[in-house]
Amino acid sequence: MVHDPLLPNITRELLLPLAIRTNRRLAKAGRSRLGQNFLVDYDVAKRTVAAAQLSDDDDVLEIGPGKGALTRILVHRARKLLAVELDPDLSDALSERFAEYENFTVVNRDALDFDPAEYFTDRYKIVANLPYYAATPIIREFLASKPRPKSLVVMVQKEVAVNIAASPGNMTLLSVMVQLYGAPKILFSVPPRSFRPMPKVTSAVLRIDLYDRPAVAVGSPDSFIEFAAAGFRAPRKQIRNSLRLGLDSDADPIKAALDAARIDGSRRPSTLSLSEWASLYESWNGIPQD
Ligand code: SAM
């Protein structure tokens, strides 16, 4: 009998929003906090846009266009280009600068409050040099948005790119989440000198090609992700202990789920592949709970 996988202390609140709420507060705190490291390297801008492999019928969403380093290339390549910029001065300047382009619209909005369905009926491509402070919540937000993007080409802090594209042995909740929806690939690194002001960290351009449906059949992706979040509750502990904490469960049902999924409970959460997480989730759902 399949029981509802009650995850009493694992809610969406725990998954994304802590970062998002913190970041929203930051975003509202002022321009100096908006991650405004502007790209000044034209070659990097060209390579980033090229990575999106745009064809004549591709619509593009650019998040955080800033002063337009990518915008000025994208506007010639996209059928329709919609830019979402939080800083009103920058969005006003872009609106003036690209006024003659009928395919261009800039919206002064927080990307985390942006609903793509207001502007796109079909799938579109995202191209963005993301603000470091909000890169992860923005990526997560758009992976499952409706309509969904076809792909995301994003410039992010290199560590974040590595984390997203990790393989079993180095998996995190972020890699599980992203790889459920798409195939990430790190394309190239971008040094601090390519930006003004120069950041302290190296960046990387990452492309995520989104699947038509989640990579593993898990019924509800949201509840699967909540389950994986429980599994990563104590990432340095063995999976059986981390899950016990995350699910607030007795040891027996956890052991039964691990056995049914043929996963050694002494492994660390980071070693499980996406399909192992899916098997474990399915077997947890099939374990009778008291
Ligand atoms: N694309 C430009 C470039 O490559 O030079 C600017 C990139 S800069 C790293 C990030 C941009 O995102 C800034 O223009 C910043 O104002 C904007 N931004 C920051 N937080 C944002 C948010 N929550 N929603 C939309 N734009 C945001």
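Guide: One term before we start: two strands pair if DSSP finds at least two bridges between them. Also, this is a predicted model.
Visitor: OK. How many strands form the sheet, and in what order?
Guide: Seven strands form an open sheet, in the order β4-β3-β2-β5-β6-β9-β7. The pairing is mixed.
Visitor: Which are the edge strands?
Guide: They are β4 (104–108) and β7 (182–190), and each pairs on one side only.
Visitor: What holds paired strands together, in general?
Guide: Strands of a sheet pair through backbone hydrogen bonds, either parallel or antiparallel.
Visitor: Then in which sense do β5 and β6 pair?
Guide: Parallel, over five bridges; β5 covers residues 125–129 and β6 covers residues 151–157. Lys-125 has Ser-151 as its bridge partner in β6, and Val-127 has Val-153.
Visitor: And β6 with β9, parallel or antiparallel?
Guide: Those two run antiparallel, joined by seven bridges. Val-153 turns up again here, standing opposite Arg-207 in β9.
Visitor: Why is β6 largely enclosed?
Guide: Six of its seven residues are buried, so the rest of the structure largely encloses β6. Buried here means under 20% relative accessible area.
Visitor: Switching to helices. Where does α6 lie?
Guide: Helix α6 (residues 135–143) lies across β2, β5, β6 and β9, running at about 170 degrees to β6. With β5 and β6, α6 makes a right-handed β-α-β unit.
Visitor: And which strands does α8 touch?
Guide: Helix α8 (residues 173–181) packs on the sheet and touches β7 and β9. Its direction makes about 115 degrees with that of β7.

Key. Residues are numbered from 1 along each chain as its sequence is written. This is a predicted model: local features need pLDDT of at least 70, side-chain atom pairs count only at pLDDT 80 or more; totals for chains, interfaces and linings use all residues. Side-chain values use heavy atoms; hydrogens and water are left out. Helices (H or I, at least four residues) and strands (E, at least two) are DSSP runs, numbered from the N terminus. Contact means heavy atoms within 4.5 Å. Axes are lines fitted to C-alpha atoms, for helices over the stretch in contact, and angles run from 0 to 180 degrees between N-to-C directions. Buried means under 20% relative accessible area, exposed over 50%, partly exposed in between (1.4 Å probe, protein chains only). A crossover is right-handed if, with the strands pointing away from the viewer, the path from the first strand over the helix to the second runs clockwise.
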